[in-house]
Amino acid sequence: MSTTVLEALQNAQINFETIGKIGAKNNPIFMIAMDQLNNAITALDNDKGADYVIQDDLFGEVDTGT
């Protein structure tokens with residue numbers, strides 16, 4: 001059975017959501033990681049390639065192609 005990059009990220013998202021339900025969701029690092037993962041998945045869902053720049057700098061707006 002093959003797995004695409006998008007499917008691997010979606011599986012990780014599900015696993016992180018499960019961990020969040022058992023208490024990790026209030027950890028600041030967890031919240032940042034989930035936001036980053038969600039942004040990456042959204043960008044891929046919107047046909048953006050792996051090299052697409054979604055944020056120009058640390059405090060810049062995130063563009064996931066929506």
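## A charge over a ring

The charged end of Lys 48 sits over the ring of Tyr 52, 4.8 Å from the ring centre. A charge counts as over a ring when NZ of Lys or CZ of Arg is within 6 Å of the ring centre and within 35 degrees of the ring normal.

## Basis of the model

This is a predicted model, in which local features need pLDDT of at least 70, side-chain atom pairs count only at pLDDT 80 or more, and totals for chains, interfaces and linings use all residues. Residues are numbered from 1 along each chain as its sequence is written, and side-chain values use heavy atoms, with hydrogens and water left out.

## Overall build

The chain has two helices and zero strands. Both element types are DSSP runs, numbered from the N terminus: helices are H or I with at least four residues, strands are E with at least two. Helix H1 covers residues 5–21 and helix H2 covers residues 28–45. The C-alpha trace spans about 40 × 35 × 15 Å along its principal axes.

Of the 66 residues, 12% count as buried. Buried means under 20% relative accessible area, exposed means over 50%, and partly exposed lies in between (1.4 Å probe, protein chains only). Among contacts with a separation of 6 or more, 36% join residues 24 or more positions apart. A contact means heavy atoms within 4.5 Å.

## The aromatic pair

The structure holds one aromatic pair. The ring centres of Phe 16 and Phe 30 are 5.9 Å apart and the planes stand at 50°, so the pair is tilted. Rings of Phe, Tyr and Trp (its six-membered ring) pair if their centres lie within 6.5 Å; planes under 30 degrees apart are stacked, over 60 edge-to-face, and the rest tilted. The pair links distant parts of the chain: Phe 16 belongs to H1 and Phe 30 to H2, 14 residues apart.

Phe 16 is partly exposed, at 33% relative accessible area. Phe 30 is buried, at 13%.

Gln 13 lies in helix H1. Gln 13 is buried, with a relative accessible area of 18%. Neighbours within four places in sequence aside, Gln 13 contacts Met 34, Leu 37, Asn 38 and Ile 41. Met 34 lies in helix H2 and counts as buried at 10% relative accessibility. Residues up to four places away not counted, Met 34 touches Gln 13, Phe 16 and Glu 17. Met 34 and Asn 11 are 23 residues apart in sequence and 13 Å apart in space, C-alpha to C-alpha.

Ala 33 also has its place in helix H2. Ala 33 is partly exposed, at 26% relative accessibility. Glu 7 lies in helix H1 and is partly exposed at 36%. Glu 7 and Ile 41 are 34 residues apart along the chain, and their C-alpha atoms are separated by 9.2 Å.

## After H2

Asp 47 lies in the segment after H2. Its phi is near 65°, a positive value in a residue other than glycine. Most residues other than glycine have a negative phi. Asp 47 is exposed, with a relative accessible area of 73%.

Thr 64 is also in the segment after H2. Thr 64 is buried, at 9% relative accessible area. Beyond its neighbours within four places in sequence, Thr 64 is in contact with Asn 39, Thr 42, Ala 43, Asn 46 and Lys 48. Lys 48 is also the residue whose charged end sits over the ring of Tyr 52.

## The largest pocket

About 190 Å³ of space lies in the largest pocket. A pocket is found on a 1 Å grid over the protein atoms alone: it is an open set of points where a 1.4 Å probe fits, with protein on both sides within 12 Å along at least five of seven lines. Grid points are joined across faces, edges and corners, and the volume is the space filled by probe spheres set on the points.

Lining residues have an atom within 4 Å of a point. Here they are Ile 32, Asp 35, Gln 36, Asn 39, Ala 40, Ile 54, Gln 55, Leu 58 and Val 62. By class, the lining has five nonpolar, three polar and one charged residues. Ala, Val, Leu, Ile, Met, Phe, Trp, Tyr, Cys and Pro count as nonpolar; Asp, Glu, Lys and Arg as charged; the others, Gly among them, as polar. Asn 39 in this lining is also one of the contacts of Thr 64.
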